[in-house]
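Please keep the structure open as you read.

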Amino acid sequence: MEIAITNTGDAALECGAAIAHWFSEDLGHAAPGETLEIRFGYDLGSGTVFRLNEVGDEMAVQRVWCGAEGNAWPTRAEIPLERRAGTAPAPVALDCATSAGGTLCATKPAE
């Protein structure tokens, strides 16, 4: 599963994920004008989105967000994760920017 987050705002963004068993993971940062590309594994049989941990275990991804760098959780925008068994998810491309104490993300127009 591929997600591309383009920072269309004036402030840096950071993105994170809540992973199974109460872990969280920093997914990266994007300065204004930059695109952060995030890749997850996807179990076609169950529809589970996952990250591999350091020993190779598949850890289910529960949620993904992006927000203002240094304050991402309180200013977050949730990034939707498609989860349908038997169907591979299409790549996701979003334009995101911080705005008035929050973050707004919109599907990127088709090129």
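Start with Glu 78 and Arg 63, whose side chains meet in a salt bridge at 2.8 Å, N to O; the term means a side-chain nitrogen of Lys or Arg within 4 Å of a carboxyl oxygen of Asp or Glu. Because Glu 78 lies in strand S8 and Arg 63 in strand S7, the pair ties together parts that are 15 residues apart in sequence. Strands here are DSSP runs (E, at least two residues), numbered from the N terminus. Glu 78 counts as partly exposed at 37% relative accessibility, and Arg 63 counts as partly exposed at 33%. On this scale buried means under 20% relative accessible area, exposed means over 50%, and partly exposed is in between (1.4 Å probe, protein chains only).

A word on what you are looking at: this is a predicted model, in which local features need pLDDT of at least 70 and side-chain atom pairs count only at pLDDT 80 or more, while totals for chains, interfaces and linings use all residues. Residues are numbered from 1 along each chain as its sequence is written, and side-chain values use heavy atoms, with hydrogens and water left out.

Now follow strand S7 (residues 58–68). Three bridges join S7 to S8 (residues 77–79), and the two run antiparallel; strands count as paired if DSSP finds at least two bridges between them. Strand S2 (residues 13–19) is also antiparallel to S7, joined to it by seven bridges.

The hairpin of S6 and S7 has five residues between the strands, with Gly 56 in the turn at a positive phi of about 90 degrees.

Which residue meets Arg 51 in a salt bridge? The partner is Glu 25, at 2.7 Å, N to O. Glu 25 lies in strand S3 (residues 23–30) and Arg 51 in S6, so this pair links parts that are 26 residues apart in sequence. Glu 25 is partly exposed at 28%, and Arg 51 is partly exposed at 21%.

Gly 41 has Phe 50 as its bridge partner in S6. Four residues sit between the strands of this hairpin, and Gly 47 takes a positive phi near 80 degrees. Asp 43 belongs to S5 (residues 41–43), and a polar atom of its side chain lies 3.0 Å from the backbone nitrogen of Ser 46.

Notes. Polar contact = N/O pair within 3.5 Å; in protein donor to acceptor, adjacent residues only side chain to side chain.
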